[in-house]
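This report describes selected local features of one structure: a side-chain contact, a surface patch and the aromatic pairs.

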Amino acid sequence: MKNHTIQKLVYELVSKLFVLPIYKFVFKGQLIGRENIPQKDSFIMVSNHGSLLDPPLLGHALGRNISFMAKAELFKIPFLGFIIKACGAYPVKRGIADKNTIKTACKKLSNDNSIGIFIDGTRQKNGRVNKPKQGAALLAFKNQKLLLPVAIVNSHRLIRFKLFFPLFSKIVIKVGKPVQPPQSSSRDELNLLTMHLKDEINNLIG
C-alpha cells in the first residue's frame, strides 16, 4: 500500500510538472472521447505507437495511472527513463510473449491497475496499426478486463524542421468505446478481436 501511494504521488508530480507543459503547450494536446474512459475498474488500453513520448502523453491525457510495457532500453535514456518509470512502466525484454511480462501485467491488473499496450509491439513509421499482436486480447481473456482502443494522432511526426526551425505537430488523442474481452483463448477468437481493435484504432486515426 505504501509503495502504491508513493508511486501515485510521483506519477501526479511528473504528470503535472513535466508532461502537462509538453502535452498542452508544446504539442497543443487535445483529448476526444473522455466519456469512454472507465473511471472505476481497471482496463487494458490498446493504442497505435509512433513516438517514444507516447506513454507519458497517453497516461497524462487519459487521467488514469496506466502502466505501460516498455522496451528495457528505454529505461536507460536520461529523463525519458525517469518519466516512464515514474508513470508505472515496466521493462520488457522479449515483448508480450515473455512469460514474466504476462505475469507482471496480470499482477498489475489484479491489483486494480490499468495497463497500456502498443498493439504493434513497436513504433510504426506511418503512425497506424499495421501488424497487431494478439497479446492484448490474451491478457483481456486471462483477466476478463475491458479493452480500451485509443488512437494518438501525429505522434509519429512530432517535430519537423523548416529552415532549421522546429515545427511541433498538434497531438490529438481519441478514445473509442470499451471492447469486451474474448470468451475463449482460441487462436481464431483472439485473432478476430485483435483485427477488430486494429480497425477501431485506425478508424479513430482517420
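A polar contact is a pair of N or O atoms within 3.5 Å; within protein, one atom must be able to donate a hydrogen and the other to accept it, and residues adjacent in sequence count only if both atoms are side-chain atoms. The model is predicted, so local features need pLDDT of at least 70 and side-chain atom pairs count only at pLDDT 80 or more, while totals for chains, interfaces and linings use all residues. Residues are numbered from 1 along each chain as its sequence is written, and side-chain values use heavy atoms, with hydrogens and water left out.

**Surroundings of Ser47**

The side chain of Ser47 reaches the backbone oxygen of Val150 at 3.2 Å. Ser47 lies in strand E2 (residues 44-47); strands (E, at least two residues) and helices (H or I, at least four) are DSSP runs numbered from the N terminus. With a relative accessible area of 0%, Ser47 is buried. Here buried means under 20% relative accessible area, exposed over 50%, and partly exposed in between (1.4 Å probe, protein chains only). Leaving aside residues up to four places away in sequence, Ser47 touches Leu58, Ile117, Phe118, Ile119, Val150, Ile152 and Ile201, where contact means heavy atoms within 4.5 Å.

**Nonpolar surface patch**

Leu9, Leu13, Leu17, Phe18, Phe79 and Phe82 make a nonpolar surface patch of about 610 Å². Patch residues have over 30% relative accessible area and no salt bridge, and nonpolar side chains (Val, Leu, Ile, Met, Phe, Trp, Tyr) are joined within 5 Å. A salt bridge is a side-chain nitrogen of Lys or Arg within 4 Å of a carboxyl oxygen of Asp or Glu. Helix H1 (residues 2-26) gives the largest share of the patch, four residues. Phe82 belongs to helix H3 (residues 80-86) and is partly exposed, at 47% relative accessibility.

**Aromatic pairs**

Two aromatic pairs are found in a search of the whole structure. Rings of Phe, Tyr and Trp (its six-membered ring) pair if their centres lie within 6.5 Å; planes under 30 degrees apart count as stacked, over 60 as edge-to-face and the rest as tilted.

| Pair | Centre distance | Plane angle | Class |
|---|---|---|---|
| Phe27 and Phe168 | 5.8 Å | 80 degrees | edge-to-face |
| Phe68 and Phe118 | 5.4 Å | 20 degrees | stacked |

Phe27, in the loop between H1 and strand E1 (30-32), and Phe168, in strand E8 (residues 165-168), are 141 residues apart. Phe27 is buried at 3% relative accessibility, whereas Phe168 is partly exposed at 43%. Phe68 in strand E3 (residues 66-71) and Phe118 in strand E5 (residues 114-118) are 50 residues apart, and both are buried.

Notes. Patches are made of residues with over 30% relative accessible area and no salt bridge: like charges are joined within 9 Å, nonpolar side chains (Val, Leu, Ile, Met, Phe, Trp, Tyr) within 5 Å. Accessible areas come from the Shrake-Rupley method with a 1.4 Å probe; for residues, only the protein chains shown count as cover.
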